[in-house]
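Trainee: I would like a close look at a single part of this chain, followed by its wider setting. Please take it slowly.

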Amino acid sequence: MSYWRALEVYKEMLLVYLEEGRRQVNSHCSGLEPWQIIGTTVIATLGAVWIKGFLFQRESLMSRLKKQCFRLIRKIPFVGGAIQSQLNKALDDMSASLCTLKEGMTYTTQLPLKGLSQSQVLEKIREYETLNEVKWEKGRVSGAVYWGDKSLTDLLVKVYGEFAWSNPLHPDIFPGVRKMEAEVVRMACTLFHGGPNSCGAVTSGGTESILMACKAYREMALERGVKHPEILAPVSVHAAFDKAAHYFGMKLVHIPLDKNTMKVDVKAMKRAISKNTAMLVCSAPQFPHGIIDPIEEVSKLAVRYKLPLHVDACLGGFLIVFMNKAGYPLAPFDFRLKGVTSISADTHKYGYAPKGSSVILYSDKKYRQYQYFVAPDWQGGIYASPSIAGSRPGGIIAACWATMMHMGENGYINATKKIIGTARKIRTAVSKMNGVFVFGNPEVSVVAIGSDVFDIFRLSNALTSKGWNLNTLQYPSSIHICCTVLHTQEGVADQFICDVREQVAIILKNPKEKTTGLGAIYGMAQSIPDRSMVTEISRGFLDCLYSTETPTSNNSHMNSNGKAH
């Protein structure tokens, strides 16, 4: 009874305060007419809604203010003009580098009046091949081509030819392609320890696989009432997640890395989880430094908060599944972990299939349902597709299936042994060199190199001059080599180590010397506070890829009139 009496006391106190509040409001409004009260209420409500919309957007307020500030600065005549002049110069240089042809070559801009014979077409093809200057076959390129074996290439060409006209959109017409796609997915599910209810789809590449996972989890989040779905991912995660967030109206929340291990900070990820979280992401391994995130720990978070966890294994998926049998054991990263609900892995990387194939896998069919698109009321009939594309090249799926069948488990294990052995040989050698260091403890095929003594882009320039083509990274400045079967060729790794050691020794003689050339451009790009300028240059680069004009110094490369804006 005393409990209820206490509640009665609090109830009476609350009523007193409410009455006092009512009296205060009425006394303040006693001199106002009804229309004034109504008008003030409407304006205040609309103002509150506007303020909420202004403050709480996908892009943070600080980021938007910075952008607006830089826009205003670029409108100052002499400042904007100088900036635009430098941008145009950079784009002219880029155009000259990308679009300049060999002497005597021209661009084809219209159909020939009479079709060329097969021999004439092949002659033209050989002419285009002469534009290739980078000798990837000799193992001088980081990643890009993951094997290129002639006998495998010959097989793929034959298989593609058999299915060149096929399209999985028509499974009744091409049942063989349907069967091969289903088998590719099932074989991949088995490799990643999927259960009987695991499933997936073949996509055009890692980006589409990632997009499909994000799309599925966005639909799930919207279904449970989340209005602004968020992706929680390490800052090192692939840019395809930025693209997914942009395409699907999601917000990408970047989680910082541990500066020593370069793995995602699990505690920071836990703090970032909110009612808007649609999915968690880990990489196995991530592209910049080749580090595998602590997937076991994040999996526990996913289970605890009942969130889906996507593991991006696009780069090394078809290495890590064979590493235990190759003698390089790893901690669990796949469907053995309860929290892992999806995995993306590229068959066209270490799966050695031709470009244009990847798989997106789910631990349960209930997740894949949200990936699908169905238009039940289209006049052309009921339209349904498993991924972004409608029509898809059956030849690529057939070639992917043929590669997996031809390689077999033994072939993949042998290739994995050689690649991981080569990467670790490079990692060990570089970590012992003065003046440079290896980021974290890379366990797979990527070795990232940095320096606290000199600008690492000087080493990038030096190795380029020696015929190497490496990946240049930012935040922090670094370079990496992604080892493939081509790097396991005799003498390639030894030559790389020798060249790195030699060039580092030369640089250390004058470590403070400034970087020039492409290295200077990369260094400058990450130091520019106005990221819209970097975006503008990048768009100019993409424009150059489609150019059929001979570069001139007077070309306008802007998507505008070329004036400051």
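Trainee: Which residues does L486 touch, not counting residues up to four places away in sequence?

Mentor: First, the basis. This is a predicted model, in which local features need pLDDT of at least 70 and side-chain atom pairs count only at pLDDT 80 or more, while totals for chains, interfaces and linings use all residues. Residues are numbered from 1 along each chain as its sequence is written, and side-chain values use heavy atoms, with hydrogens and water left out.

With residues up to four places away in sequence not counted, L486 touches W136, E137, G139, V145, W147 and V492; contact means heavy atoms within 4.5 Å. One of these, G139, is 347 residues from L486 along the chain, yet their C-alpha atoms are separated by 4.7 Å. L486 is buried, at a relative accessible area of 10%, where buried means under 20%, exposed over 50% and partly exposed in between, with a 1.4 Å probe and protein chains only.

L486 sits in the loop between β13 (478-482) and α16 (492-508). Here helices (H or I, at least four residues) and strands (E, at least two) are DSSP runs numbered from the N terminus. β13 belongs to an open sheet of four strands in the order β10-β11-β13-β12, with antiparallel pairing; two strands pair if DSSP finds at least two bridges between them. Helix α15 (residues 456-465) lies across β11, β12 and β13 and runs at about 45 degrees to β13. Axes are lines fitted to C-alpha atoms, for helices over the stretch in contact, and angles run from 0 to 180 degrees between N-to-C directions.

A further open sheet has seven strands in the order β1-β7-β6-β5-β4-β2-β3, with mixed pairing. β1 and β3 (251-255) stand at its edges with a single partner strand each, so one side of each has no neighbour in the sheet. From one strand to the next, the twist averages 20 degrees. Helix α7 packs on this sheet, touching β1 and β7, and its direction makes about 120 degrees with that of β1. Helix α11 (residues 295-305) also packs on the sheet, touching β4 (277-283), β5 and β6, at about 170 degrees to the direction of β4.

Within this sheet, six of the six residues of β6 (residues 340-345) are buried, so the strand is largely enclosed by the rest of the structure. β5 (residues 309-313) runs parallel to β6 and is joined to it by five bridges, with S342 as the bridge partner of H310. Four bridges join β6 to β7 (residues 358-362), and this pair is antiparallel. V359 of β7 is the bridge partner of A345 and also of V202. β1 (residues 199-203) and β7 pair in the antiparallel sense over five bridges. In β7, S358, I360 and Y362 point one way and V359 and L361 the other, and all are buried.

Finally, the axes of α7 (residues 175-191) and α14 (residues 394-431) come within 9 Å and cross at roughly 50 degrees. This makes α7 oblique to α14: angles under 35 degrees count as roughly parallel, over 145 as roughly antiparallel, 65 to 115 as roughly perpendicular and the rest as oblique. V177, M180, E181, E183, V184 and M187 of α7 meet G394, I397, A398, C400, W401, M404 and M405 of α14. The residues of this contact divide into 10 nonpolar, one polar and two charged; Ala, Val, Leu, Ile, Met, Phe, Trp, Tyr, Cys and Pro count as nonpolar, Asp, Glu, Lys and Arg as charged, and the others, Gly among them, as polar.
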